[in-house]
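Okay, thanks everyone. Let me put the model up, and then I'll walk you through a sheet and a pocket.

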Amino acid sequence: MQSASTPSSWKQAVQKASRSLNMVSENTINQVLLAVAEEAVAKTELILAENARDLSAMDRNNPMYDRLLLTKERIVGIAQDIRNVVLLPSPVGKILMETLRPNGLKITKITVPFGVVGIIYEARPNVSFDVFSLCLKSGNACVLKGGTDAYHSNLAIIVVIQTVLEKFGLDKNIVTLLPAGRESTAELLNATGYVDVIIPRGGKSLIDFVRDNSKVPVIETGAGICHTYFDEFGDVEKGANIIFNAKTRRVSVCNALDCLVIHEKQLRNLPLLCAKLAEKNVIIYADVKAYTFLNGKYPKALLEKANMESYGIEFLDYKMSIKTVESIEEAIEHISTYSSKHSECIVSENRENTAIFDTMVDAACVYTNASTSFTDGAQFGLGAEIGISTQKLHARGPMGLEELCSYKWIVKGNGQIRK
């Protein structure tokens, strides 16, 4: 197995690789991506063997274990995501605006790649494939700094990708994996002039660290403290299915449900809403009113009384808090206080209330009667996804190809000078 780039050796190399992409045709890019998808499946045993090395060092009970785990089925799914990216139109070179000025200057605003995109992420080796496919399709080189927990998995994936790049005569530094450890993280965060943007993917602590320490511009993604509000006019069957799916589909992902907010008039239905959660041994932290209705109707070993620390937490585990409210206004106030502005949901059959929720809740994705687990680039029709932006500048929500582009102005003249 090859090694990752050594400190300080990658900056000029990745910048040169980025420039070389400007002259690569969309057809060639698509052929490379299709070949990477095929090679990923062909090298499944190699990737799984390296993934097993990483998994052996992690406790199976750690919720991050599922994020780190690769299987044959997941690799097939990853390959399909890459093929889906191929089917999408290139975001580069789109004319956003065009005007002919009175002085004869023709001014065109067109989309262009960022250039070099840096990604810092935790134990999620699938991100290596996702980031590469989206960056290549949008004409960007990428620098990857994965977590130590997934280092062998990431290294195997990058070797697969670079092998394909070299077969097509392209610069292998189009994708660069940095060594594990803090030294390379610090170097990436300070790579002004070489890296155009850094996108952290992980929990709140990672995102906060990158934002607070990076000299390179940062797009914040990932941290998800997600709520579902079960309204006074909510349908119990819909609500139970949505809550169960949002909480238990994959607890280690950022779109998983963390807090159920329930109108007090629906408390009588709370045992029905939570019944299926017991099948997955979900621990519930219920406020006083909710606890009263669940006590004796939800497994005692899985029911605890909530305190102020039970809210505003991204559990990433089989855990969920419950907050009882007297009105939709109080529900929105609770969400506004504790939300990370990722994904929020209302379950209601009342159009006025859903309209209020849509308007008043400040989040990248606001749902009505659907699970927050749909917050995902592929589910939104973006192919793969480079992250879920929770900020408002440049990109918000699932980031696909278009969000990996900036723009520039092309000005055509015939000798004009300004007085």
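So, start with the open sheet: seven strands, parallel pairing, in the order E10-E9-E11-E8-E7-E12-E13. Strands here are DSSP E runs of at least two residues, helices are H or I runs of at least four, both numbered from the N terminus, and two strands pair if DSSP finds at least two bridges between them. At the edges sit E10 (303–305) and E13 (365–368), each pairing on one side only. From one strand to the next, the twist averages 20 degrees; angles run from 0 to 180 degrees between N-to-C directions, with axes fitted to C-alpha atoms, for helices over the stretch in contact.

Quick caveat: this is a predicted model, so to speak of local features we need pLDDT of at least 70, side-chain atom pairs need 80 or more, and totals for chains, interfaces and linings use all residues. Numbering starts from 1 along each chain as its sequence is written, and side-chain values use heavy atoms, without hydrogens or water.

Now look at E8 (257–263) and E11 (319–325): five bridges, parallel, with Val-261 opposite Lys-323 in E11. Helix H10 (236–248) packs on the sheet, touching E7 (226–230), E8, E11 and E12 (343–347), at about 160 degrees to E8. Helix H13 (328–338) touches E7, E8, E11 and E12 too, at about 175 degrees to E7. Contact means heavy atoms within 4.5 Å.

Last, which residues class by class line the largest pocket? Nine nonpolar, eight polar and 11 charged, where Ala, Val, Leu, Ile, Met, Phe, Trp, Tyr, Cys and Pro are nonpolar, Asp, Glu, Lys and Arg charged, and the others, Gly among them, polar. A pocket, on a 1 Å grid over the protein atoms alone, is an open set of points where a 1.4 Å probe fits, with protein on both sides within 12 Å along at least five of seven lines, and lining residues have an atom within 4 Å of a point. H5 (72–87) gives the most to that lining, four residues.
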